[in-house]
Structure formats: structure tokens, C-alpha cells
Amino acid sequence: VALRRQMGGAAAGWPLEPPGPLVQRWLCGLPFAPTAAQRRAIAEIEQDLVQSRPMQRLLQGDVGSGKTLVAAYVLLRAVEQGLQAALLAPSDILAQQHAATLRAWFGPLGVRVRLLRGATAREEREAILGELARGEPVVVVGTHALLQPDVVFTRLAAVVVDEQHRFGVQQRAALAARERPPHLLVVSATPIPRTLALCLYGDLDLSVLDEAPPGRLPVDTRW
């Protein structure tokens, strides 16, 4: 696994400049303060984003721990640099939810968030594909529709795969398999013991959100 990881990290990626005013405006405009766990995960991710070697990281956290905020940070970091970012969701409903959340956060900043799914109208789909082909800075949220051959990113610098266990290994790698690979963050709410994570995801660094934001109801799990 270590040798495979070393080979996979040989290609030069997209080293990003340090966060600029756009990211700061977003963080300062949030109606809540990120938790210590979220700040720690962002700091770990930030160390990856500035490297020429593309990030390969697994973000693990329970339901309600705030994984979406950390994922949004990765997407915004790429777009702030004039590059493209993608969020791959396993279901149509989840893709729509993510698009709505990101539009609420990024809309006031002037960042475009597009939703690409199987039900996307033809004209809208062609418009999105045109933006991607021209290399325009945009965040694209989508389902497996993002993996279609006619979806061509020209400046893809960051990819987030949500509920990554719902995708096959080849699907997970499809967006990242390009001449200049993007930074990759895979997200999971499935609890994975560290020893098992090292075996199953030894090609990924691990960040863990181990606390919930204040005011969140405890998760009620029943069998």
C-alpha cells in the first residue's frame, strides 16, 4: 500500500497559494464558530493543499460533526485561486442538499455553484460543460453524472467525494485520474477503527472530527 501511495503521489498536482481574502470573508461570515476539531482538520488539510504533491485524505466524522464545512473549505480554496472544484455525492437528494448549502455560503462571495445530475436539463448541462471546458472557476456538485465521458474539467484542482464508501474504488479515483491530479478529500460518516483504516485506506491520510458543534442533538442509534 505504501509503494502504491508513493507511485500515486509522483505526479505534480495543483499547489495552492495560502488562503486569501475570499476564504477569510467566508469564515468570518459564518453564523457560528468552527469547532476545535474542524479547525484541526482544516489545518491538516492546509498543509496538504500548499504542496505540489496532491492531497489524498480521508475525513471521518459522525453524523452532525460538521464534515460539510471542512469539505466546503477545500472547494473554496481551489476556486479562490481561479481553479475548478467538484463535489461527488452518491444520491440525487444529497447532491441537491449540498448544492443548496454551498450556494447559501458561497453565493454572497460571488462564487458560482453548479448542480449536475441525471435530471439536469439539456441546455443547462451544456452550459455547465462549456464553463468547465473553458476553465472557468466554478464549484460543480453532482452525482455519478460527473463521471460521464463528456464531462471534461480543464483546471480541476480539488475533488471531494462524500460518503465515499458508496462508490467503487475506480469510481472514487475517476475524477482524480488525470495528467495533473487534483487534491482529493474523501468523506465518511461510517466509523472506521484506525487499524482497519490503515488497511483499507492506507493510501489516504486520516483526519477525524471527534466533537459535535454546540447545540447539536446527540445521535440516537438503535438496533
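Leu 58 stands opposite Val 186 of strand S6 in this predicted model. Strand S1, residues 56-61, pairs with strand S6, residues 183-188, in the parallel sense, and the pairing runs over five bridges.

Seven strands form an open sheet with parallel pairing, in the order S3-S4-S2-S5-S6-S1-S7. At the edges are strand S3 (113-116) and strand S7 (205-209), each of which pairs on one side only. From one strand to the next, the twist averages 20°.

I turn now to the helices. Helix H5 lies across strand S2 (84-88), S3 and strand S4 (139-142), and runs at about 170° to S3.

Which residues of helix H2 are buried? In this helix, residues 21-29, they are Leu 22, Val 23 and Trp 26. These residues lie on the same side of H2, because they cover an arc of only 100° around the axis. Pro 21 and Cys 28, on the other side of H2, are exposed. The buried residues of H2 pack against helix H4 (67-80) and helix H5 (92-106).

Helix H4 also contains Arg 77. Is Arg 77 buried or exposed? Arg 77 counts as buried, because its relative accessibility is 0%. Its side chain has a polar atom 2.8 Å from the backbone oxygen of Glu 17. Beyond its neighbours within four places in sequence, Arg 77 is in contact with several residues, among them Leu 16, Val 23 and Leu 49.

Definitions and conventions: Residues numbered from 1 in each chain as written. Predicted model: local features only at pLDDT ≥ 70, side-chain atom pairs only at ≥ 80, totals over all residues. Heavy atoms only, no water. Buried < 20%, exposed > 50% of the residue type's maximum accessible area, 1.4 Å probe, protein only. Helix = DSSP H or I, 4+ residues; strand = E, 2+ residues; numbered from the N terminus. Arc of directions from axis to C-beta. Contact = heavy atoms within 4.5 Å. Polar contact = N/O pair within 3.5 Å; in protein donor to acceptor, adjacent residues only side chain to side chain. Pairing = 2+ DSSP bridges. Axes fitted to C-alpha atoms, helices over the stretch in contact; angles between N-to-C directions.
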